Amino acid sequence: MTATPVETTAPAPVLEARGIGVWLSGRRILHDVSFAVQPGEFIGLIGSNGAGKTTLLRVILGLQRPTSGSIEIGGKHPGHGAEVVGYLPQKVALDSDLPLRARDVVALGLDGQKLGIPLPSAKRTALVDDMLAAVDATSFADARVGLLSGGQQQRVLIAHALISRPRLLLLDEPLANLDIRSSSEIVELLARVSRERGVAVLLSAHDLNPLLPFMDRIVYLEGGRAVSGTSDEVVQSDVLTALYGRRVDVLRVEGRVLVVAGPDEAHGHDE
Amino acid sequence: MFSDFMTNTWITASVVAIIAGGVGFFVVLRGSSFLAHALPHGAFAGAAGATLIGMDPILGMGIFAVGGALAVTTLGRRGRSDVVIALSLVVMLAFGALFLSLGSQYSSEVFALLFGQILGVSSAEVLPIVVLGALSAVAIITGYRPLLLSSVLPEMAAARGISTYAIDVYFALVVALATAMSVPVVGALLMFSLMVGPPAAARSFFADPLRAIPLSIGFALVTVWIAIAASYQSNLPVGFFVTLVSAVLYGIGRGWFALSSRRITVAA
């Protein structure tokens, strides 16, 4: 893409991926993926299961080394700037009798990497209380985290990821196991904290509709290839047809979008 | 029961209980009960081997427990860790049996390694147990937060630069240390029950880890004290009572948790 920034005052991107390719056990998972995330942006990483979303997030976290291409987070290579990235993995299983309260999980986000038992500190408690309030989790702050609902647990985990004040928050399918109502509550919450705290949010999902009203831009991933831009630019029949390598129709119904793959006609495109 | 002869017993048993209660909290948290079951058996084999060649049994136990801990965590990275632990367990048990059959002292010493000899702890045994216990305690207190984070949210911990493998190895070594110190007192079979029963019961009562851990230690202490007293009075093996009391505590804990969590659900 030839998107050269026009304004010279544009802030440095919080994340810049250039030509990321990943091979895992002989299979190409990502192919030449490039995009940038500006500070405070809300970006949807959209793709079906197996499109490479989790692998891309692991590359950004420095947990997976790309086979080709380069990635910079706040100007540093992943792993060397670990503090600037908050992360919520796809499936977090919390046993119902886990001996941790919601506030303990949030506090571990503040200083979980430090050694020793935390000493009682009014400052620490205040930081945790503020963070819990910011995600509307004050009412269940002292409840056992394993007994909370899926949506409540997501709030607590988001607070855990945000309390160390990252500039970038990655979430892997945070809406996957939520009902429609909790799902839209979580998206609204993320859009709000992103705005209020200036955190860039990169959120993966297979359904883009819950995200449509909030996304600044979209990174659409299919078969390891990516297209990025605003949702109006990307979610178009011709763009997605090129990405999927087969005919794709985009239907817009009352502000919602349906992406429908056409019949798998053998139209002999070179692959 | 409180004579001079028994003083060492009360001291060492209490030290073992404190360590088992503290380390055990993380054993249950990490779902490492099987590891805590396997390592004492390795320690037993090490002790049997050491006795055979005339070495200090504690040293033999330490070597085998640490070796087992490293083997299990390293091999478990590739394959399924439960299979790796199971195979390590039976291999170590087999070596234990081999060393026993090669040796001449089949009787009471070996029985003690498996089932404990809490009613006859010599003064010379007290110091190593206290030292190893203090080491385990320091290791748990130092690693408290990374252990907690990596045990509950391993992927989020890894994203912060806390290596899951490093924590696995660190914790397996702590369990090995705690095992080596306690096997001669409570026995291989019973160290396991002490590291699982009281902590599993304690976590049912408190959601706050800094309350659940002291309660776990308290439960472990109560367990060994009752077991020693009962064993002294009845002349039955102390391990039987350790297991019985910790199982009863666990049952009470589960019952309490079922009741209290139902109350919360109804109230919500």
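**Entry 1: ground rules**

I number residues from 1 along each chain as its sequence is written, and chains are lettered from A and ligands numbered from 1 in the order in which they are written. Because the model is predicted, local features need pLDDT of at least 70 and side-chain atom pairs count only at pLDDT 80 or more, while totals for chains, interfaces and linings use all residues.

**Entry 2: chain B as a whole**

I looked up the elements of chain B and found twelve helices and zero strands. Helices (H or I, at least four residues) and strands (E, at least two) are DSSP runs, numbered from the N terminus. From the N terminus on, the order in chain B reads α-α-α-α-α-α-α-α-α-α-α-α.

Next I checked the extent of the chain. Taken along the principal axes, the C-alpha atoms of chain B fill a box of roughly 65 × 45 × 30 Å. The radius of gyration of chain B is 18 Å, which agrees with the value near 18 Å that a compact globule of 268 residues would have. That radius is taken over C-alpha atoms, and the globule rule is 2.2 Å times the number of residues to the power 0.38.

I then looked at burial: 53% of the 268 residues of chain B count as buried. A residue is buried if 20 or more other C-beta atoms lie within 10 Å of its own, exposed if 12 or fewer, and partly exposed in between, with C-beta atoms placed from the backbone.

For contacts in chain B between residues at least 6 apart in sequence, I noted that 77% join residues at least 24 apart. Two residues are in contact if their C-beta atoms, placed from the backbone, lie within 7 Å.

**Entry 3: a helix pair in chain B**

I picked helix H2 (residues 33-52) and helix H4 (residues 81-102) of chain B, which pack at an angle of about 25 degrees with their axes 8 Å apart. Axes are lines fitted to C-alpha atoms, for helices over the stretch in contact, and angles run from 0 to 180 degrees between N-to-C directions. H2(B) and H4(B) are therefore roughly parallel (angles under 35 degrees count as roughly parallel, over 145 as roughly antiparallel, 65 to 115 as roughly perpendicular and the rest as oblique).

The crossing of H2(B) and H4(B) is left-handed. A crossing is left-handed if the near helix is turned anticlockwise from the far one by less than a right angle, and right-handed if clockwise. Among the contact residues I listed B:Phe34, B:Ala38 and B:Phe44 of H2(B), and B:Ile85, B:Met92 and B:Phe99 of H4(B). By class, this contact has 15 nonpolar, five polar and one charged residues. Ala, Val, Leu, Ile, Met, Phe, Trp, Tyr, Cys and Pro count as nonpolar, Asp, Glu, Lys and Arg as charged, and the others, Gly among them, as polar.

**Entry 4: a helix pair in chain A**

In chain A I looked at helix H2 (residues 102-111) and helix H4 (residues 150-162), which pack at about 25 degrees with axes 7 Å apart. H2(A) and H4(A) are therefore roughly parallel to each other, and their crossing is right-handed. H2(A) brings A:Ala102, A:Val105, A:Val106, A:Leu108 and A:Gly109 to the contact, and H4(A) brings A:Val156, A:Ala159, A:His160 and A:Ala161. I sorted these residues into seven nonpolar, two polar and no charged.

**Entry 5: where the chains touch**

How many residues of chain A are in contact with chain B? I found 26 residues of chain A in contact with 28 residues of chain B. Strand E5 (85-88) and H2 of chain A are the elements that give two or more residues to the chain A side, and H2(A) gives the largest share, three residues. This side of chain A divides into 15 nonpolar, five polar and six charged residues.

Is A:Tyr220 buried or exposed? A:Tyr220 counts as buried, with 24 C-beta neighbours inside 10 Å, and lies in strand E8 (residues 217-222). A:Tyr220 and A:Gly47 are 173 residues apart in sequence, yet their C-alpha atoms are 5.9 Å apart. Not counting residues up to four places away in sequence, A:Tyr220 touches A:Ile46, A:Gly47, A:Ala226, A:Val227, A:Val234 and A:Leu243.

I also noted A:Arg165, which is not a glycine but has a positive phi of about 55 degrees. A:Arg165 sits in the loop between H4 and strand E6 (168-171), and its 13 C-beta neighbours inside 10 Å make it partly exposed.
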